[in-house]
Amino acid sequence: MALLLSSSLHPPTSPLKPKLNSLSTPFPNAVVTKRQLIINTTTSFSIIFGVQQNPVPQCLAQPSNPSKPSVLNIANTKAWFQFYGDGFAIRVPPEFEDIMEPEDFNAGASLYGDKAKPRPFAARFASTDGSEVLSVVIRPTNQLKITFLEAQDITDLGSIKDAAKIFVPGGATLYNARTIKIKEDEGFKTYYFYEFGRDEQHIAIMAAVNGGKAIIAGTTAPQSKWDDDGVKLRSAAISLTVL
């Protein structure tokens with residue numbers, strides 16, 4: 001598999017620490033359960049991609065431009081477990097466990113003609129302490145951008161700079177933005193990669209489009225955790241493959 005990287009956004013000065021109010025309620029001074037930690041860790045990712053069954057809105061403000069592009073450090077993930085989902089595959093970091101819940105699997109089913117609700121997540125894994133989470137969501141591209149034609153490639157949503165308005169929330173600190181082309185039998189498949197900070201969380205996402213659906217893989221962790229595990233988490237997001 002050939003992997004080509006190219007940087008597409010103009011580098012400005014060093015990014016500023018985002019001044020945003022927390023999107024989640026702080027936990028009291030008590031023992032935080034693993035479930036609470038997972039929910040807190042994935043709040044930003046959930047809101048960005050509308051896992052509450054709402055269309056994904058355009059960001060209200062431009063994300064800050066990334067700092068000077070640097071080498072994108074990634075690990076060799078071939079030895080990791082490969083999870084196969086609905087139209088995608090992704091590598092799962094060692095010691096991560098499946099945290100999909102019954103309601104995640106039951107979503108998408110309709111009863112007596114009721115309108116089926118989309119599944120919040122197509123896949124979800126977390127570290128043993130719940131502080132680091134890998135998620136995959138699938139959304140119709142017409143929820144991401146109004147268009148008369150069915151998107152077949154992520155470039156149909158615009159350039160990597162234009163698509164940042166969709167995938168990166170306004171006010172976030174954008175650390176990296178890359179176009180990644182992966183060689184397939186019939187040519188190259190284009191993916192967009194973004195890495196940014198929001199509400200003391202560090203997030204990396206890899207997105208692609210196929211058959212009118214956007215498949216988005218994201219890893220999230222507190223910034224303090226990213227300092228040690230960033231290469232592993234970034235590599236997990238970048239391992240996304242559209243089938």
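The questions below concern a helix and then a strand.

Analyst: This is a predicted model, in which local features need pLDDT of at least 70, side-chain atom pairs count only at pLDDT 80 or more, and totals for chains, interfaces and linings use all residues. Residues are numbered from 1 along each chain as its sequence is written, and side-chain values use heavy atoms, with hydrogens and water left out.

User: Where does helix H5 bend?

Analyst: Helices (H or I, at least four residues) and strands (E, at least two) are DSSP runs, numbered from the N terminus. H5, residues 223–238, spans only 19 Å between its end C-alpha atoms, whereas a straight helix of 16 residues would span 22 Å at 1.5 Å a residue, the expected span being 1.5 Å times one less than the number of residues. The bend, taken as the angle between axes fitted to the seven residues ending at a residue and the seven starting there, is about 85° in H5, and its position is Asp-229.

User: How many residues of E3 are buried?

Analyst: Buried means under 20% relative accessible area, with a 1.4 Å probe and protein chains only. Phe-88, Ile-90 and Val-92 point one way from E3 while Ala-89 and Arg-91 point the other way, and all are buried. E3 is therefore largely enclosed by the rest of the structure, the buried count being five of the five.

User: Which residue stands opposite Phe-88 in E11?

Analyst: Two strands pair if DSSP finds at least two bridges between them. E3 and E11 (residues 241–242) pair in the antiparallel sense over two bridges. Within E11, the residue opposite Phe-88 is Val-242.

How values were computed: Buried means under 20% relative accessible area, exposed over 50%, partly exposed in between (1.4 Å probe, protein chains only).
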